Every structure is written in structure tokens, then in C-alpha cells.
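This report describes the fold of one protein chain, starting from a single residue and moving out to the whole. Please look over the sequence and structure before reading on.

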Amino acid sequence: MSQEPSSRSLLQDISVVTRKVRTLFDTRVRAHESMTQSRARLLLLLMRQPRMTQGDLAIAMEVAMPTMARTIDAMEKAGLVCRETDLQDRRVKWVALTEESKSQASQVLALSDELHADVLNGIKAADIAATRRVLSAILENIEKAGQ
């Protein structure tokens with residue numbers, strides 16, 4: 001099936017916006033927290049869900065398991081996260097924020113909120129809702145196409 005040029009450019013635009021938002025987030029986090037984007041994203045995930053497995057974190061961050069393991073190892077060594085063994089299944093390791101890292105994670109969350117406000121500034125709520133509906137439909141189509 002042939003696509004109209006505007007359909008192809010929409011996907012390119014989504015890719016560009018995603019890349020630019022990640023770059024902006026990385027720049028701000030490095031400037032304020034002296035932290036990499038991947039570490040900051042992991043802190044944000046653990047702020048929203050206090051305990052996650054290494055596998056769940058890898059899926060959420062869209063990275064390979066060995067990459068996630070190295071990131072967690074480095075953050076554990078820096079005192080930002082800790083691993084906890086699951087009481088029901090000793091093979092499962094939960095990753096959680098340390099008490100020391102919670103204030104830093106809160107600062108990263110504030111930077112993220114500020115970025116959202118800056119990026120969406122001047123865009124009407126109805127336009128944001130419409131965009132979310134379109135993106136949701138695109139995600140459904142991606143899932144169907146991957147089956």
C-alpha cells in the first residue's frame with residue numbers, strides 16, 4: 001500500500017521530536033545534576049514505580065539486559081539504587097531508590113516537569129488530546145504489524 005508524502009513525513013517528524021526532546025532532557029540533566037540521561041530516566045521510572053525488576057527496567061528504557069545491568073551496577077556503586085532479593089523467588093532482584101537518591105530523583109522529576117511545560121508551551125489542551133489519540137492509534141498499528 002502506498003503512503004501519501006504527508007504520512008511518511010509525520011513518522012519522520014515524530015522521530016525528530018523524540019530525538020530532540022531526549023537531547024534537551026539530557027542537556028538539562030547534565031547541567032543541573034551532572035548525570036547521564038539513562039541514569040536520570042531510571043531515577044524517574046523508580047520515582048513513579050518504587051520497585052522494578054532489572055528486566056522491567058530494561059523494557060521500559062528500551063535497552064538490552066546487559067546494558068541495563070551495567071547501568072544499575074554503576075548506579076548501585078554510586079549509592080543511587082539498591083538491589084533487593086524477592087522473598088518469594090530468590091532469582092528475582094528488585095531495584096529501588098536509596099534514601100540518599102530520593103532528593104536527587106525529585107530534582108530530576110522537577111527538571112522533567114519543567115521540560116514538559118517548556119515543550120508544550122502554547123499548545124492547546126485539545127490539540128494535545130488529539131495528538132495523544134493519533135499516537136495511540138499509531139502504537140496499536142505498530143503492535144499489530146509486529147505480530
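In which helix is the place of Ala74? This is a predicted model, and in it Ala74 belongs to helix α4.

**Helix and sheet**

Helix α4 spans residues 65-77 and lies across β2 and β3, at about 110° to β2. The strands form an open sheet of 3 strands in the order β1-β3-β2, and the pairing is antiparallel. At the edges are β1 (51-53) and β2 (81-85), each of which pairs on one side only. From one strand to the next, the twist averages 35°. In general, the strands of a sheet pair through backbone hydrogen bonds. Between β1 and β3 (residues 93-97), which run antiparallel, there are 3 bridges. Met52 has Val95, in β3, as its bridge partner.

**The largest pocket**

The largest pocket has a volume of about 1500 Å³. Its lining comprises 32 residues, of which Val17, Thr18, Val21, His116 and Leu135 are the closest to the pocket centre.

Which element gives the largest share of the lining? That element is α6, with 10 residues. By residue class, the lining of the largest pocket holds 19 nonpolar, 6 polar and 7 charged residues.

**The chain as a whole**

The chain contains 6 helices and 3 strands. Read from the N terminus, the elements follow the order α-α-β-α-α-β-β-α-α. Along the principal axes, the C-alpha atoms fill a box of roughly 50 × 40 × 25 Å. What percentage of the 147 residues in the chain is buried? Buried residues account for 26%. Among contacts with a separation of 6 or more, 50% are between residues 24 or more positions apart.

Terms used
Residues are numbered from 1 along each chain as its sequence is written. This is a predicted model: local features need pLDDT of at least 70, side-chain atom pairs count only at pLDDT 80 or more; totals for chains, interfaces and linings use all residues. Side-chain values use heavy atoms; hydrogens and water are left out. Two strands pair if DSSP finds at least two bridges between them. Helices (H or I, at least four residues) and strands (E, at least two) are DSSP runs, numbered from the N terminus. Axes are lines fitted to C-alpha atoms, for helices over the stretch in contact, and angles run from 0 to 180 degrees between N-to-C directions. Contact means heavy atoms within 4.5 Å. On a 1 Å grid over the protein atoms alone, a cavity is a set of points where a 1.4 Å probe fits but cannot get out, and a pocket is an open set with protein on both sides within 12 Å along at least five of seven lines; lining residues have an atom within 4 Å of a point. Grid points are joined across faces, edges and corners, and a volume is the space filled by probe spheres set on the points. Ala, Val, Leu, Ile, Met, Phe, Trp, Tyr, Cys and Pro count as nonpolar, Asp, Glu, Lys and Arg as charged, and the others, Gly among them, as polar. Buried means under 20% relative accessible area, exposed over 50%, partly exposed in between (1.4 Å probe, protein chains only).
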